[in-house]
Amino acid sequence: MEREPMRIREGYLVKKGSMFNTWKPMWVVLLEDGIEFYKRKADNSPKGMVPLKGSSINSPCHDFGKRMFVFKLTAAKQQDHFFQAAYLEERDAWVRDIKKAIHCIDGGQRFARKSTRRSIRLPETINLSALYLSMKDPEKGIKELKLEKDKKVFNHCFTGTCVIDWLVSSNSIRNRKEGLMLASSLLSEGYLQPAGDTSKAAAEGLSDTPFLDLSDAYYYFPDSGFFCEGNSSDDDVVLKEEFRGIVVKQGCLLKQGHRRKNWKVRKFVLREDPAYLHYYDPAGGEEPLGAIHLRGCVVTAVEDMPDSKKYDVDNILFEIITANEIHYYLQAASSAERTEWIKAIQAVARTGK
């Protein structure tokens, strides 16, 4: 029986149409031998597929000056495919895995994450990929939490102690020392990511072990929708209790109107469930002026857009493309704030209803 190709990475990206200069959200799946793209995550059959054998990748791609974080995949038949990620780290992660997959298939090798078995001496019976899936099991896996440290809130993450506790309770290890070895391997091969200064410093070699069995060392799954935000003030806490859903992020942004294309300041409130971005009159009013449904949307940074100069808009823009392909253009106060909004919206789009 022929083995199915391994899924290396998947997620929403914006893809340029092959015939027209239109950019649409697609659920993209990177396999060992190709890239499949679907109109929606739930679809059973892909809209298209790009074989990786003989392909090449170009990043950063500056063919489209108004779009940031674009990479170009050129198939063996010299057909170009353009994809846009939401932010720099996401683009680089896609490009890194695609490059490795192309290298493996051209060299007749199996795709595998960076091996740490020799340095850490893991038993050959341990399957890190299967262990990772067990750790992510919604019922029996590690519970993702909202944790607070140093005036920051870390969403969709867990502590190093929780990881070791889980490995012990699942009989994956005999003791906590073995747990550190196994967790360090999961971290080195990308199945776990460090969150916060403590865990990041250890992962960079500033501690005795790459992974820390500590309650203040935070980690997250790479495709969990993790994001970090500043701590709320007391006023924000009171305000959150008045909303019916959990507020992930709120603040004022410039929004472009759909009809007149004029820009107005709106107060935006991002809720985790249901997955909506409501916007209000910043001068007051409890009823929202409108809402953007985020489930299945794609959000990306953009450098410029048609008619933006006409209204003297600075280039700190980002675009939300909903599942039914409605485009919304928003402007943040700074590049850092734009990145925070993009990551928060991206997380809600993955996990909310």
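How are helix 3 and helix 4 oriented to each other? In this predicted model, where local features need pLDDT of at least 70, side-chain atom pairs count only at pLDDT 80 or more, and totals for chains, interfaces and linings use all residues. Residues are numbered from 1 along each chain as its sequence is written, and side-chain values use heavy atoms, leaving out hydrogens and water.

Helix 3 (residues 128-135) packs on helix 4 (residues 160-169) at about 105°, with the axes 12 Å apart. The two are therefore roughly perpendicular to each other (65 to 115 degrees). Leu131, Ser134 and Met135 of helix 3 meet Val163, Trp166 and Leu167 of helix 4, contact being heavy atoms within 4.5 Å. Five of these contact residues are nonpolar, one is polar and none is charged.

On to the rings, which pair if their centres lie within 6.5 Å: the count comes to eight aromatic pairs. Tyrosine 132 and phenylalanine 221 sit 5.7 Å apart, centre to centre, with planes at 80°, so the pair is edge-to-face (over 60 degrees). Tyrosine 132 belongs to helix 3 and phenylalanine 221 to the loop between strand 11 (218-220) and strand 12 (227-230), so the pair ties together parts 89 residues apart in sequence. Tyrosine 132 is buried at 10% relative accessible area, and phenylalanine 221 is buried at 2%, the cut-off being under 20%. Ring pairs also link Tyr132, Phe158, Tyr191 and Phe221 into a cluster.

Notes:
Axes fitted to C-alpha atoms, helices over the stretch in contact; angles between N-to-C directions. Helix = DSSP H or I, 4+ residues; strand = E, 2+ residues; numbered from the N terminus. Parallel < 35°, antiparallel > 145°, perpendicular 65-115°, else oblique. Nonpolar A, V, L, I, M, F, W, Y, C, P; charged D, E, K, R; others polar. Phe/Tyr/Trp six-rings, centres within 6.5 Å; stacked < 30°, edge-to-face > 60°. Buried < 20%, exposed > 50% of the residue type's maximum accessible area, 1.4 Å probe, protein only.
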